[in-house]
Amino acid sequence: MSKLSSSILLLILITVFCPLQVVAKSGKNLELIVTTDRCVSPDWFRTWEGRSQLSFFRNRWRSVIEINGCEVQVSIPPTDTSLLPKAGFRIVKQLSSSTPKLGGTYESFSSVYTYLYSLTQATKAATLHITGYSQTSNRPIYLLKINKSGEKRPIIRVTGAHHGNEPISTEIALRTARYIIETSNPAFEDFEFHIVPVLNPEGFIADQRYNSEGIDINRDYGGQWDDNQTDFPFYTSESQAMFSLNVSRTPVAVIDYHSTAEYVNMLFDYTPWLPQDDALSIFLGQTIADEADLIPVHGYDWYQANGTSQDSTYSSFGILAWTIETLYPSNPDNLALINAQAFEGFVVEAATLVGCGQINDSEGNPTSAMIRFSSSQRVSYTDENGFFCRLLPSENQSVTVVSPLGGTATGSISRNETVTISVSGGPSGTAFRVVDFGYTNPFNEFGTEKWEYNVLGNADGSTFSLAGGFITLDFGYGIADDSGTEFDIVENGADGNESISVYLSPYPHGPFTHAMDCNGSCSIDIGSSGLSGARYMRIVDNTNPSHQVTTGYDLDAVIVTGIADTSDADNDGVPAWLDCDDNDPKRGFGLPELCDGIDNDCDALTDEPFFVQAGGSFDCDFLIDGGIPDASDADSDTGPDSDVDSSTDASSDADADATNPGEKDGCKCSAGQTGTSNPSLIFLFLGLAIFLRSRPASKGRK
């Protein structure tokens, strides 16, 4: 056989057995609006026939970006536009977009950051932050804030990847972020959106449900916690980060995405008894279900669970929350789009229901407060700046406001309004918030309703029976140890006195120090714990682990009899009750966070605006500040704009990683990214080289 024949045969074999698959980079594709005459109704593309026709784009380029009735936005190489008429499509118009496009595959952890950062470059409405770090490897938990109005707005939070092996939740969160930015719906200007695409970075990278310590983060929250993973809830830094975010920037609604069922999962997961806001929860949950072809269901009815994000968010903060369960397709684009559109419908309805308020003390200074609404015993809270919003079940609501240090007040709140309410008086003398509650033994069903918020306020005969479990309370301010006792614990002992152990701490999640054991009602001295002051109390039932509703210690209230700690030993301007270390002037609530290995602002996070380098140390030259990385950070294979594969790529960073931080120098190798590298292409070039070498040299050519 001649060399020419061999080369031709080689080319034929390559073409047959190694078909060429060239995926153009998204930046070089055309973005088009196309349609087909076969589309006979606005929902035709959601039918079996319509989905089959869309497979033309998905199978070749994985490029369906958005479906709007009979028009489809796609991204394809310019050279392939001639294929559209053959497939029954015609071009309506060509688009130019400044925002990045998802690539039809699941993102890697590094490409999630790249995508989020590129969104901040596309619009000033989006800023990138770090809201915490993973449990053991200190990987950042990214938070994208989107505020299109530039004004103070109620917050809706979206989270993905509680479970690391559910990456569709991340794709939906990313697609939702982009959809909010690109869509001109006025309702998107009525809210500020907090997007956390990957809450569990370690599980996400390892493609496993749990974090690196084998803990299910969505069983680690404080809403009727009952699990054998750890001794008490909020063990993981991931769940603590969400709790801190609820305190500092309290949202009006939270949506957590999961897979692989098809439900809009509503409150509660841990009990068959329904929340007082059930009608509102169903109404808004139905808006998502209708658009995304999902089934609305109460969590307990199909999948009983304890310590979930949605239950804890509602129990501790009065924030309505939903868990969205979706399928897990091989190509996430269309499903992510459908859920983003369903989210838009949710936002449109929520915008008509929300009312807001600003709580100030008698001197006009913002103060945090607890809000009781006339329609519900379930309480809500302001953020740290005295601002609050709530989805209201009726047009107007009477409210009672209790500020831990600022006093009390009454007022009213209406939908689509922001009211200012001033409080006056001395410190509140009762528990301010339930941080967590639950069991330390196996879960049993409740025979009747039982609610933890009964312990808030003065003793009134309404109780929460611990039933062999525990409850952790926040008093809203630090109480100093004085010469006597500082707390009175009141039990409604109709069925006799039971025994408890009482623990105290300056911090919401501990460590807790044992103060004393007692039977029935008793008084607590902070000094017996060895602490000089405390803000949080954990009460553990020692008597009855049977988990029946009225068994065990029947807690009615905890009354503060001590004094508020207003001392400031380190003279940093932060009173001791707000200061996580009153002996260090560099640490105190509200102080700026420095890159010094210290929790300067007392939010239980260390150096959180700064990126983590390989090995866990912080890159102090690279700061996420409003989405703009510090320009002084050189690409030295240690910062976040450098190779994530630096451990295996010892060579200098030739490509500078300016646009592809997840790629090794000289190759396209990161999951979730597209490129032109393909083994068939290499063999094709090799075959062409053999063919050219076999040809005789042309005479007259040098």
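This is a predicted model: local features need pLDDT of at least 70, side-chain atom pairs count only at pLDDT 80 or more; totals for chains, interfaces and linings use all residues.
## Helices H3 and H4

Let's start with a pair of helices. H3 covers residues 109-122 and H4 covers residues 168-182; their axes come within 11 Å and cross at roughly 10°. Angles under 35 degrees count as roughly parallel, so H3 is roughly parallel to H4.

Which residues make the contact? On the H3 side they are Val112, Tyr115, Leu116 and Leu119, and H4 puts in Thr170, Leu174, Ala177, Arg178 and Ile181. Sorted by class, that contact has seven nonpolar residues, plus one polar and one charged.

## The second largest cavity

The model has two cavities of 30 Å³ or more. If you want to find it in the structure, look for its lining: Arg157, Tyr221, Phe234, Met242, Phe243, Asn246, Ser309, Ser312, Thr313 and Phe317.

Two elements give two or more residues to that lining, namely helix H6 (237-248) and helix H9 (309-317). H9 has the largest share, with four residues.

Arg157 is one of the residues lining the second largest cavity, and it sits in strand S7, which spans residues 155-159. Is Arg157 buried or exposed? Its relative accessibility is 2%, so Arg157 counts as buried; the cut-off for buried is under 20%.

Who does Arg157 touch, once residues up to four places away in sequence are set aside? The list runs to His194, Val196, Met242, Leu245, Asn246, Pro251, Ala253, Val254 and Ile255. Among these, Met242 and Asn246 also turn up in the lining of the second largest cavity. His194 is 37 residues from Arg157 along the chain, yet their C-alpha atoms are separated by 4.5 Å.

## Thr382, in a loop

Now for a residue in a loop. Thr382 lies between strand S15 (376-381) and strand S16 (387-391). With a relative accessibility of 4%, Thr382 counts as buried.

Skipping neighbours within four places in sequence, Thr382 is in contact with Val247, Thr250, Ile359, Thr367, Ser368, Ala369, Ile371, Phe387 and Phe388. Another pair to look at is Thr382 and Met370: they are twelve residues apart along the chain, with their C-alpha atoms separated by 6.7 Å.

Notes
Residues are numbered from 1 along each chain as its sequence is written. Side-chain values use heavy atoms; hydrogens and water are left out. Axes are lines fitted to C-alpha atoms, for helices over the stretch in contact, and angles run from 0 to 180 degrees between N-to-C directions. Angles under 35 degrees count as roughly parallel, over 145 as roughly antiparallel, 65 to 115 as roughly perpendicular and the rest as oblique. Contact means heavy atoms within 4.5 Å. Ala, Val, Leu, Ile, Met, Phe, Trp, Tyr, Cys and Pro count as nonpolar, Asp, Glu, Lys and Arg as charged, and the others, Gly among them, as polar. On a 1 Å grid over the protein atoms alone, a cavity is a set of points where a 1.4 Å probe fits but cannot get out, and a pocket is an open set with protein on both sides within 12 Å along at least five of seven lines; lining residues have an atom within 4 Å of a point. Grid points are joined across faces, edges and corners, and a volume is the space filled by probe spheres set on the points. Buried means under 20% relative accessible area, exposed over 50%, partly exposed in between (1.4 Å probe, protein chains only).
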